[in-house]
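Subject: Structure handover

Dear colleague,

Here is the structure I said I would pass on. Please look it over first; my notes on what was found follow below.

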Amino acid sequence: MPTPIRRPSDEVSRALSSSQFLPGQKSRPRTASRTAIAIVLATITLVGMTACGPDRGLRVEPERETSPTQFKPANSDSGPPDEPFSLKEIRKAIVDASGIAVTGKATESARVIADCRECLKFSTPFLSDDRKFQLVTVANPQQKSEIVAGAVISEKDGEPRLELIATGNQLKLSPGKNGTLVVQEAMYADGDEACCPSGWSVQVFRLHKGRFEPGQRFTRLNGET
């Protein structure tokens, strides 16, 4: 494909050489014509190469890859993350319960937040009908950018109640539609380094008869779902 382009370009270079054409010669208009043709051909070639090459405008970001569930975010009217209970009150509730929730158990997470105050943080709260649930995350004390657990807190008799606690590698928790909670964690294959898991797993929790129950689960490992 480059051959027809290279020849006109060489011809144009020779035509513009001062050793072959002197000022005032009639061959100059033909040189301009050849130059115009070469420019048109070069433009067509560049367009063709762009069309055949990779799409630079589309970037795949594995670390931001969304789950196949494509859940809609929770209602923004769920209110501030620190209401009705403060982080101090929630920490005490989790520690006092030894990490044992209505759904799930994570005694190690309870010990972590008892010793590491910076490891417990608020996340986005969500609603199920008119009932509000606060959401907190637990970070790895050795690497605080990594989330290792998440907990759902409700109000019962004016006190915080630990409804659900989930643990996992590089955990991501996000409210879904219709009062669901989506928990995504990294999945490692043999030989994977800590920085680079081969896949992920998504678990959906739904509120049913007053408690969160696991629903749909999706996994993707080594490119297979």
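The largest nonpolar core has 32 residues, and those with the most contacts inside it are Ile94, Val152, Leu173, Leu181, Val183 and Phe212. At least two residues of this core come from each of helix H3 (87-96), helix H4 (107-115), S3, strand S4 (143-156), strand S5 (159-167) and S7. In soluble globular proteins, nonpolar side chains tend to be buried together. Please keep in mind that this is a predicted model.

Leu181 is one of the core residues with the most contacts. Leaving aside its neighbours within four places in sequence, Leu181 touches Phe126, Leu135, Val152, Leu164, Leu173, Ser174, Pro175, Gly176, Gln203, Val204 and Phe205. Of the residues in that list, Val152 and Leu173 are also named among those with the most contacts inside the core.

Next, the aromatic residues. The structure holds three aromatic pairs. In one of them, Phe126 and Phe133 are stacked, with 5.5 Å from centre to centre and 20 degrees between the planes. Both of these residues are buried. How are the rings of Phe133 and Phe212 arranged? Their centres are 5.1 Å apart and their planes stand at 75 degrees, over the 60 degrees required, so the pair is edge-to-face. This pair links distant parts of the chain, since Phe133 lies in strand S3 (residues 131-140) and Phe212 in strand S9, 79 residues apart.

Phe133 has a relative accessibility of 0% and therefore counts as buried. Phe212 is likewise buried, with a relative accessible area of 0%. Together, Phe126, Phe133 and Phe212 form one aromatic cluster. Phe212 is also among the residues with the most contacts inside the largest nonpolar core.

Strand S9 leads on to the sheet. Four strands make up an open sheet in the order S6-S7-S8-S9, and the pairing is antiparallel. Strand S6 (172-175) and strand S9 (211-221) stand at the edges with a single partner strand each, so one side of each has no neighbour in the sheet. From one strand to the next, the twist averages 20 degrees.

Within this sheet, strand S7 (residues 181-187) and strand S8 (residues 199-208) pair in the antiparallel sense over seven bridges. In this pairing, Gln184 stands opposite Val202 in S8.

Regards

Note on methods. Residues numbered from 1 in each chain as written. Predicted model: local features only at pLDDT ≥ 70, side-chain atom pairs only at ≥ 80, totals over all residues. Heavy atoms only, no water. Pairing = 2+ DSSP bridges. Axes fitted to C-alpha atoms, helices over the stretch in contact; angles between N-to-C directions. Phe/Tyr/Trp six-rings, centres within 6.5 Å; stacked < 30°, edge-to-face > 60°. Buried < 20%, exposed > 50% of the residue type's maximum accessible area, 1.4 Å probe, protein only. Core = buried A, V, L, I, M, F, W, Y, C linked by side-chain atoms within 4.5 Å. Contact = heavy atoms within 4.5 Å.
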